[in-house]
Amino acid sequence: MSKIFSFSGTGNFFTGGAIYSNPKESNLFFSFGHHVDEYFPHQKRPRISAPIVFSGERFEQKKPSIEILPDECLFEIFRRLPGGRERSSCACVSKRWLTLVSNIHRDEINDNKCGVVSEVEDEDVEGDGYLCMSLEGKKATDVRLAAIAIGTSSRGGLGKLFIRGSNSTCGVTSIGLRAISRGCPSLRVLSLWNLSSVGDEGLFEIADGCHQLEKIDLCHCPAITDKSLLALAKGCPTLKDLTIEGCANVENEGLQAVARSCPNLKSISIKNCPLVGDQGIASMLSSASCTLTKVKLQALNISDVSLAVIGHYGKAVTDLSLTSLPNVSEKGFWVMGNGQGLQKLKCFAVTSCRGVTDLGLEAVAKGCPNLKQLCLQKCAFVSDNGLVSFAKTACSLESFLLEECHRITQFGLFGFLLNCGAKLKALSLVNCLGIKDLNLGFPPVSPCKYLRSLSIRSCPGFGDSSLVALGKLCPQLQHVELSELHGITDAGFLPLLESCEAGLVKINLSGCVNLSDKVVCIMTDLHGWTLEMLNLDGCKISDASLVAIADNCQLLNDLDVSKCAITDSGIAALARSNQINLQILSVSGCSKVSDKSLPSLGKLGETLLGLNLQHCKAISSSTIDLLVEQLWREHGHSAPFFCRYPFIGDLLLDIEYPDNGCRFLNGQISITTQLLGSGF
């Protein structure tokens, strides 16, 4: 028995080695004194519930910790918790717990199997997926995705997830997407942009757990291949909307799988995928279950074959957009138009396609009798003849946009208007250098009674003669936009004002530097009773125009007089008017507006929802501070917070301090250290 108490770990009693490095420490475990002689019978080794630390002649017992349990045990505990709120609370303890909880699949949850009832009863065991989350840049990490998966599962379920960019050091990977797939089975919309770290493994997880997915957007994800599309096609048969852009490893096989397995697919958008060819596009259009209504193809290596398939099998297509297809020729557009399959096509947009010619355009007009909107951009081979032929055939056309088509001249423009159908409501010309101002004599013709909107922007050859002719031809205009037209003067615009019978509602004359106060005075006199929006940015107007506006425009709610020669007197005239109720006012770059306008701007602020004071160098920063404080008292609750929030109640400020102080730009704040100490 004496051997038991003198045991130091070197005998056969315990073969695991010495318990203590110092033999004297063994006496601390059995401190009975020298006069006691005890016998201990053989028994089981006692269970140690917590680690024991021995130091010198004393020992300390650490507080028991659940962290000593292995992951398998913690996982079993977490999946048996009575509700989602309890699991969310556990996930907040540490990253280890967060990872474990996020890896619990919904099918593995064992709720209330032991009769345990949550203190706060879960109201959403099966969420409907109405929540929407968005992660951008540095905020896009696996940890945040895990937190989202756990947090939304007990609050209605995640329905939409948008990830833009990724953290450079700990970005989104398949681990984060696995958490989403296991915790968010209600996910219906997933958008992944610029994620080089996400590959096929991540999409495998989504396809395995998110079977309700209806829309997926994969943009610039270079690691994604056909394997991802194969998995999505198998796991997400309810897919309705597919967008793939800048994914260099996606080929035809993946698109073919989607066409076979997703009968509800309604919209596809394939851009900048060099390995996608005719086989992939043709399979999606020619599938027996094809119900595609929207098709958008851009920068693909497809040929006339794809357009022929679209023209023959696109019986449900209503919206078609073709951009930068270098291998498509005139024959492709001609065959597509004559395929008689695009009877339901309503919107057609073509950009930078050299195959679009007069012949192809006429064929499209004949083959698409219900076409309502046409957009031609950078179509270098479309001429006046093709435009006129199209107008004669497309009887249902309501809106037409022509941009950077330099072969179109004034003859083509007016020939189109004279031959278009009675349903045309909107016409837009943008940067068409072939249009020159010519004095053309038009025979008496019936006017375009249904044209309501006219927009001509950045066409340097467009001048007064063309504008006068348009005024006579289109007497029912309500929306007029003439931007950056230096050839327009008072002599050309005044006849247009006099020709408009219905009353102009929106007028944009930004950049028309040769228009003066005379135009504004007559405009407000003739159309002030209907005018709601007026943009005079850069026009040669003065306070006289603001006085006329204040006296005649009762319905005006949006006024832009940026870079004009107005002064404090003009602002005061607006403020004195009892009948004008402006909601948006821009006086950006008005160098003659000074601190004296503070009372007037404060008075206008009673109704304003947006105010732009950028580049007003005569307004000091102290006046800006007083104005913002005054507006805050009227629209908000507490003045000291105006620098953090560009919105003051319902008012959006767009202010730039002249001394590089505090800036409010388009709803975003940038504060320099010179004025306020630090930025937000």
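What percentage of the 680 residues of the protein chain count as buried? The share is 48%, where buried means under 20% relative accessible area, exposed over 50%, and partly exposed in between (1.4 Å probe, protein chains only).

## Basis and confidence

This is a predicted model, in which local features need pLDDT of at least 70, side-chain atom pairs count only at pLDDT 80 or more, and totals for chains, interfaces and linings use all residues. Residues are numbered from 1 along each chain as its sequence is written, and side-chain values use heavy atoms, with hydrogens and water left out.

The predictor's confidence in each residue is given as pLDDT, from 0 to 100. Its mean over the protein chain is 81, and 73% of the residues reach 70 or more. Over residues 1-50 pLDDT stays under 50, and the model has 24 contacts for them beyond four places in sequence; contact means heavy atoms within 4.5 Å. Residues 655-680 also have pLDDT below 50, with 66 contacts in the model beyond near neighbours in sequence.

## Overall make-up

The protein chain contains 24 helices and 25 strands. These are DSSP runs numbered from the N terminus: helices are H or I with at least four residues, strands E with at least two. Of the contacts between residues at least 6 apart in sequence, 78% join residues at least 24 apart.

## Strands 10 and 11

Strand 10 (residues 319-323) pairs with strand 11 in the parallel sense over 5 bridges; pairing requires that DSSP finds at least two bridges between two strands. Thr351 in strand 11 is the bridge partner of Thr323. Strand 11 spans residues 347-351 and is mostly covered, with 4 of its 5 residues buried.

## Helix 20

Helix 20 covers residues 543-552, and its buried residues are Asp543, Ser545, Leu546, Ala548, Ile549 and Ala550. Their cover includes helix 19 (517-527) and helix 21 (568-576), together with strand 18 (533-535) and strand 19 (558-560).

## Individual residues

Lys449 lies in the loop between strand 14 (426-430) and strand 15 (453-457). Lys449 counts as exposed because its relative accessible area is 53%. Its C-alpha atom is 8.8 Å from that of Leu424, a residue 25 places away along the chain.

The charged end of Arg164 sits over the ring of Trp193, 4.0 Å from the ring centre. The criterion is NZ of Lys or CZ of Arg within 6 Å of the ring centre and within 35 degrees of the ring normal.
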